[in-house]
Amino acid sequence: HWDEALPEMSCMYVCSTGGGMLQGDRYSLEITVEEGATAHVSTQSANKIQAMDANYAVQAQTVRVNDNAYLEYMPDLTIPCKGARFLNDTRIEMGENATLLISDILVPGRVHHSPDDYFGFEVFSNCVRAYDKQGRELFCEKYVIDPKQQDLKQLGMMQGFDVYANVVLITQKHFADEVFAQIGAEYDIKNQLASGLSRLPNDAGLVFKVLGAEVTPVRDRIYEFWTVVRKVVKGAELPPPYLWRP
């Protein structure tokens, strides 16, 4: 419980002793926040999807946020190496008056290792489904990136950007309305950064997307959004970013 602004918040880091995900790996992660609890979950470092010449890696996540609970699930970067094939499936189950902030940041690979690593992965699939307490689907968002079949630099896709972040806020409508009123679209030519905010179906909340040329400006923009969410939903400040996580 290190967050001084929210001393009741349990903070946890998911750690792995391996060197990243390998072909054939199957991961299952379950996070449950009990009624009225407050939690923050992150990872100790970036998730590296190692190079593959056969098979693929899968991560299945189930996130349960019970009645009146609050969860920030903010993993570090995902780095798919050359030839990587990765499927991520996230199922979210929301209680009454619960809030979840969940993010994903995707980079184009180990670009400083080899030019071939720049969007050199084969397939990256990400699917997020959310359900209410009665089991009704609130929304489903899925995107599949196949660099060999798609020109990622074209208009409507990356269009010259390298880093993509997808942040989902599931919360009560009045909280979503207040956050929406404070966060607008932005196109910063100097910092090569673009971001926008949309409403999710069924008044489930908001989705915030960021594109950038570098990781740091993207993280900074997510931090701004996260700060607003924390103030609106919990009435609390967000601690300064760690100096060792640029």
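**Notebook: strands, cores and a few single residues**

I began with the pairing of strand 8 (residues 85-94) and strand 10, which run in the parallel sense over nine bridges; I count two strands as paired if DSSP finds at least two bridges between them. Helices (H or I, at least four residues) and strands (E, at least two) are taken as DSSP runs and numbered from the N terminus. I note that this is a predicted model, in which local features need pLDDT of at least 70 and side-chain atom pairs count only at pLDDT 80 or more, while totals for chains, interfaces and linings use all residues. Residues are numbered from 1 along each chain as its sequence is written, and side-chain values use heavy atoms, with hydrogens and water left out.

**Around strand 10**

On the strand 11 side, R129 stands opposite C140, and A130 stands opposite F139. Strand 10 (residues 123-131) pairs with strand 11 in the antiparallel sense over eight bridges. I then looked at the connection and saw a hairpin with five residues between the two strands, where G135 in the turn has a positive phi of about 85 degrees. Seven of the nine residues of strand 10 are buried, where buried means under 20% relative accessible area, exposed over 50% and partly exposed in between (1.4 Å probe, protein chains only).

Stepping back to the sheet, I read it as open, with five strands in the order 2-5-8-10-11 and mixed pairing. Its edges are strand 2 (26-33) and strand 11 (137-145), each of which pairs on one side only.

**Cores**

Next I looked up the nonpolar cores, each a set of buried Ala, Val, Leu, Ile, Met, Phe, Trp, Tyr and Cys residues joined through side-chain atoms within 4.5 Å. The largest has 33 residues, and those touching the most other members are L101, V179, I222, F225 and V229. Strand 9 (99-106), strand 12 (163-170), helix 1 (173-182), strand 14 (193-199), strand 15 (205-212) and helix 2 each supply at least two of its residues, and helix 2 gives the largest share, nine residues. A second, separate core has 23 residues, including A69, Y73, M94 and V128.

Helix 2 (residues 215-234) has 20 residues and spans 27 Å from its first C-alpha to its last, close to the 28 Å expected at 1.5 Å a residue; the expected span is 1.5 Å times one less than the number of residues. Just after helix 2, I noted that G235 takes a positive phi of about 65 degrees.

**Single residues**

Is S42 buried or exposed? S42 counts as buried because its relative accessibility is 3%, and its place is in strand 3 (residues 38-43). A polar atom of the S42 side chain lies 2.7 Å from the backbone oxygen of M74.

Finally, I checked D203, in the loop between strand 14 and strand 15. D203 touches T171 and K173, residues up to four places away in sequence not being counted. Its C-alpha is separated by 40 Å from that of T17, 186 residues apart along the chain.

Notes:
Polar contact = N/O pair within 3.5 Å; in protein donor to acceptor, adjacent residues only side chain to side chain. Contact = heavy atoms within 4.5 Å.
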